[in-house]
Amino acid sequence: MPLNRDIYQALESILGAAHLTDQETDLQCYGYDATAYAGLPEAVAFPGTTEEISAILKLAHEHRFPVIPRGAGSGMSGGSVPCRGGLVLVLSRLNRILKIDTLNFLAVVEPGVVNRDLQQAVEALGLFYPPDPASMNFSTLGGNVAECAGGARAVKYGVTRDYVLGLTAVLPTGEIMRTGVQTVKGVVGYDVTRLLVGSEGTLGVITEITLKLLPKPETRRPVLAFFNRLDQAAQAVVEILHGGVLPSTLEFLDQPSIRAVEDYLHLGLPREAEALLLIEVDGERQEVERQSLRVREACEKLGATGTRLAQTAAEAEDIWKARRAVSPALFRLRPNKINEDIAVPRSRIPEAIRRFQEIAARHDLLIVSFGHAGDGNIHVNVMYDQKREGQESRARQAVEEIFKTVLALGGTLSGEHGIGLAKAAYLPWELDPVNLAVMKKIKDLLDPNHILNPGKIFPA
Ligand SMILES: Cc1cc2nc3c(=O)[nH]c(=O)nc-3n(C[C@H](O)[C@H](O)[C@H](O)COP(=O)(O)OP(=O)(O)OC[C@H]3O[C@@H](n4cnc5c(N)ncnc54)[C@H](O)[C@@H]3O)c2cc1C
């Protein structure tokens, strides 16, 4: 149902006029995320309390208008795009860190807190919140929880779900639900907290999050290694992990990414290398020293043609430059890209990359891969030029072939960005039909009128 005048006025009486808008320019600002998807909402709300959100959802449930939760809008799968009109619910006013409990190693936050702000606040107290999506400077913890965001440190520390102890969420009917515990252990009833983590704003609006914290590692040190053959790099990963070192970061760049970064920043990276590994270890100072030397030895043993071990913070920053520059460097290659975030079992990365290159050759396209070698999560970028006849449709075909390859290798279609609008059509490719049916029943049970973020996750 469209948002008519009566509903708008009811919303205004819940929120106050200052926190609701239907101005055309505002609507356009909240109609997109980091993908190419876009839609126009009918109104945008900026609630300040859980109770206001509850009242809004009761109204939406009764009058059957869509409500789309939104953090910073940095999602990579169209999750916060209002594809069916309705009300965009921006959580940015709920941005308080409510508690940092140094004795029990936990934090209680509102969903609009930016990831980096929490990281800095806990680190000042000697604590550590590991999930570090590359968007951590601007994405919100609510968005991170709704997407189950991961980051470069996932290989050692896991992803967002591993840190969420409990939640407050408003269900699509307006009921307020508390889940989880404030303890490390807790097994009472079904794990509804985990159900909400990664639910992409389709099962409830998260209004409070209890997060587990760790002690802050004393120091960290990166090592960079180049290999002339992809297989050598993959073997080095195995050697490092089997050698008893669990790095906090284990990233790789393939040859097209290395060349793109080198052409962009001129860091002296070898253009002939087929793979680059960036391995960072963290922990107690002497242990980090010992482990970084072992990492370098393992890379050299497996035939690395060059290694760099950071001795100072400035050298560490230089090493990270190469990894951080990949995304901007890619846009110098082609004006458009489709960025997929598939994951394959770690040992299958070389085979996956080889097969992606075959797909690229078959479609006369450039495919660039980089990402998290430690957890098998590869960012596969199909580069194209929209203005060139046929390139976009070839790129889309290539993406489908990439998905088939990934599933054949025992992988998954999304390692961290979620399904949203972007991958909804492909859900049945991966999910067992009974599993998919159970997911739909859960959605029907919690959101019988399908008002919360409709059109997302499930194929139309
Ligand atoms: C440059 C860049 C780098 C990125 N790097 C990474 C990365 O390294 N790892 C990674 O995992 N992802 C990454 N992402 C994508 C990632 O999903 C988001 O950055 C982040 O998790 C989304 O947070 P957000 O606040 O922007 O949420 P939004 O984009 O606003 O929303 C994302 C989804 O969460 C829902 N949502 C938001 N808030 C709530 C809430 N309070 N309650 C219920 N549902 C809610 C929305 O409805 C939507 O479905 C990156 C994105 C960009 C643009």
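Guide: Glu200 counts as buried because it has 21 C-beta neighbours inside 10 Å, where buried means 20 or more other C-beta atoms within 10 Å of a residue's own, exposed 12 or fewer, and partly exposed in between, with C-beta atoms placed from the backbone. This is a predicted model, in which local features need pLDDT of at least 70 and side-chain atom pairs count only at pLDDT 80 or more, while totals for chains, interfaces and linings use all residues. Residues are numbered from 1 along each chain as its sequence is written.

Glu200 sits in the loop between α7 (192–196) and β10, helices being DSSP runs of H or I with at least four residues and strands runs of E with at least two, numbered from the N terminus. Although Glu200 is not a glycine, its phi is positive, at about 55°.

Turning to the ligand, Gly71, Gly75, Gly79, Gly143 and Gly201 come nearest among the 35 residues around it, a residue being near if its C-beta atom, placed from the backbone, lies within 6 Å. At least two residues of this shell come from each of β3 (67–70), α5 (141–147) and β10 (205–212), and α5 gives the most, with five. Domain 1 (5–90) and domain 2 (97–215) both contribute residues to the shell, so the ligand lies between them; these bounds come from an automatic or database domain assignment.
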